[in-house]
Amino acid sequence: MSADGTRVQDIPTELLTLNIGPAHPATHGTLRIQVQLDGETIVNSGCEIGYLHRGFEKQAENCQYQLVIPYTERLNYMGPVHNSNAWCHAVEQLLDVKVPARAQALRVITSEMGRIIDHCVCIGTNLVDIGALTNFWYMYNYREKIYDLYEELCGARMMVNYPRIGGVSMDAPDGWLEKLLKVIDEMGEAVGEVQSLVARNRIFMDRTIGVGAIPKEMALSHGVTGPCLRAAGVALDLRKAQPYWGYDKYQFDAPIAHGGDTYDRTIVRFQEMQESVRIIKQAVAAIPDGPVMVEDHLVAMPSKDRVYNTMEGLINHFKLVMHGIKPPVGELYSATEGGNGEVGFYIVSDGTPVAWRVRMRPPCFANYSVFPKIITGAMIADAVAALGSINIIAGELDR
Amino acid sequence: MTQDEIVARIQSHFGARVLGTYSFRGQAAVTIAPEAIRDVLTFLRNTPELAFDMLMDVGGVDYLGYPDEDDREWRFEVAYQVYSVAKNHRVRLKVAVRDETVKVPSVWDLFGIANWMEREVYDMFGITFSGHPNLRRIMCHDEFVGHALRKDYPINRRQKLSQPSENLLCEKPEYA
């Protein structure tokens with residue numbers, strides 16, 4: 001307040017238009033946000049997306065179903081395995097193929113590992129944006145260990161291309177599950193430690209409580225799903241509501257909060273990581289023996305032994321590679337719970353090995369659509385904090 | 001409620017305004033004319049037994065060159081996937097769009113997500129939505145010519161773009 005009693009907020013200033021991004025350290029991807037500022041307060045804002053638009057849907061309409069699997073992992077590249085699992089799940093529903101129990105458990109395990117590293121990156125980078133670097137190293141350290149596990153499982157670290165339509169490409173190697181349990185145990189502890197560093201931290205709380213709040217009604221209207229919706233107080237988790245891959249067999253909670261602000265989103269993510277640890281432990285303990293691929297020669301590749309030693313196996317291999325998998329004519333929407341919310345695939349099949357139309361419902365797209373609304377009236381620094389906690393993955397947003 | 005029951009419910013309420021129904025692997029859909037979309041979505045949202053409170057997805061489909069093309073009266077469809085958190089059920093609405101001259105009423109004021117989703121359908125298929133406050137391209141650039149997901153747009157076509165978009169702001173923040 002100045003000597004004549006006018007407050008700083010009351011002094012009219014010229015409105016300033018400012019671009020944040022598309023290349024800006026706080027966007028963690030190619031997003032562009034244009035804000036109109038009165039002093040430091042945002043009075044109007046607009047978003048431009050599409051900088052990473054690679055035409056996933058067009059590409060998926062021009063190649064066989066099984067060739068789409070690697071592309072799906074380039075959508076949400078922070079927890080890539082879930083997307084490819086979800087794609088295979090959608091095509092299996094179209095084919096009406098039942099995946100063997102062991103493959104389902106492996107999908108649950110790899111998807112939950114993906115969820116953990118997705119949240120690691122989200123929380124870690126969000127905390128860096130608001131000035132806490134230590135947590136980032138903790139989180140990335142464990143993300144690295146999960147990558148090592150992926151590498152041991154299937155040879156790739158990030159874009160693993162692990163699942164196949166009808167199951168998964170290979171079984172876990174000997175001793176892998178035990179190694180996983182050890183890492184997951186440490187992971188649970190590390191997550192607890194990082195949470196204890198920030199959860200009651202005065203600076204963190206001041207920066208995040210009440211910042212970038214998404215009210216429940218707005219969240220529902222904008223189709224916000226995943227941790228952002230649960231932080232707003234809606235207990236919607238598709239793993240519980242519409243279980244798939246045997247999620248109904250596992251005991252876990254869908255953590256919720258009620259404020260819907262940046263703080264709640266972060267805490268919900270912390271709790272979700274602990275729940276994922278719980279799920280992985282149960283899945284490993286209860287993993288059944290048996291095949292990891294469905295026994296259907298119209299869907300599953302024959303074993304290399306059969307391909308090299310029998311004429312039928314060779315023909316089978318040739319037919320599947322050259323002519324692909326042919327689902328019946330029909331259309332289907334398959335929804336699963338990814339790291340950021342509902343990952344949906346809407347497939348229209350014309351009976352050929354190439355889908356007529358593939359539509360991917362990206363959770364980030366819906367989550368991000370509230371962003372211009374929640375930052376209006378806030379300050380630039382709050383917008384940065386809110387952006388990080390919504391966890392926008394540009395690859396998934398733009399496809 | 002199963003999806004077939006929901007579709008039967010919509011059919012009994014809207015009668016002849018439902019152009020067709022579809023059922024496959026436990027999922028069901030109704031096809032309606034563009035004029036009916038706001039009424040049907042309002043009905044789905046406000047009927048207590050249905051309580052569809054979330055619009056999950058809006059996506060276009062181009063049927064140009066589809067095997068049944070000769071019998072098909074419309075080229076495009078816009079598919080709305082709706083979900084009810086309280087009832088945990090889903091259904092799909094498909095709006096039949098004869099060609100790009102047909103305008104589909106926008107539902108952005110019923111479900112906020114429709115704002116961006118309709119912009120994407122417009123961008124990718126060239127289907128226009130009447131009453132939309134900010135119907136601009138969302139993925140492709142302003143200078144882009146054509147609509148990328150139409151079946152007559154070749155997958156390998158490239159376009160040169162010269163200028164960044166200047167202004168992203170709308171008159172009101174809720175339009176953005």
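1. Strand S6 of chain A, residues 330-338, is mostly covered, with seven of its nine residues buried. The model discussed here is predicted. S6(A) runs antiparallel to strand S7 of chain A, residues 341-349, and nine bridges join the two. The link from S6(A) to S7(A) is a hairpin of two residues. Within this pair, A:Leu332 stands opposite A:Ile347 in S7(A).

2. A:Met360 belongs to strand S8 of chain A, residues 357-361. Is A:Met360 buried or exposed? A:Met360 has 25 other C-beta atoms within 10 Å, and a residue counts as buried at 20 or more, so A:Met360 is buried. Leaving out residues up to four places away in sequence, A:Met360 touches A:Phe56, A:Glu57, A:Leu75, A:Phe345 and A:Arg399. One of these, A:Phe345, falls in S7(A), which spans residues 341-349. A:Met360 can also be placed relative to A:Thr72: the two are 288 residues apart along the chain, and their C-alpha atoms are separated by 9.2 Å.

3. Helix H4, residues 101-129, has 29 residues and reaches 42 Å from its first C-alpha to its last, close to the 42 Å expected at 1.5 Å a residue. H4(A) is mostly covered, and 25 of its 29 residues are buried. Just after H4(A), A:Gly131 takes a positive phi of about 100°.

4. Helix H13 of chain A, residues 311-323, has 13 residues and should span 18 Å at 1.5 Å a residue; the end C-alpha atoms are 17 Å apart, which agrees. How many of the 13 residues of H13(A) are buried? The count is zero, and H13(A) is hardly covered.

5. Strand S2 of chain A, residues 32-38, is joined to S3(A) by seven bridges. In S3(A), A:Cys47 is the residue that A:Ile33 stands opposite.

6. The division of chain A gives domain 1 as 8-48 and domain 2 as 56-398. Their C-alpha centres lie 32 Å apart. Contact between the two domains involves 14 residues of domain 1 and 17 residues of domain 2. The side of domain 1 that touches domain 2 divides into five nonpolar, eight polar and one charged.

7. Which element gives the most to the side of chain A that touches chain B? Overall, 45 residues of chain A are in contact with 35 residues of chain B. S3(A) gives the most to that side of chain A, with five residues. By class, the chain A side has 15 nonpolar, 18 polar and twelve charged residues.

Technical notes:
Residues numbered from 1 in each chain as written. Chains lettered and ligands numbered in written order. Predicted model: local features only at pLDDT ≥ 70, side-chain atom pairs only at ≥ 80, totals over all residues. Pairing = 2+ DSSP bridges. Helix = DSSP H or I, 4+ residues; strand = E, 2+ residues; numbered from the N terminus. Buried ≥ 20, exposed ≤ 12 C-beta atoms within 10 Å, placed from the backbone. Contact = placed C-beta atoms within 7 Å. Expected span 1.5 Å × (residues − 1). Domains from an automatic or database assignment. Nonpolar A, V, L, I, M, F, W, Y, C, P; charged D, E, K, R; others polar.
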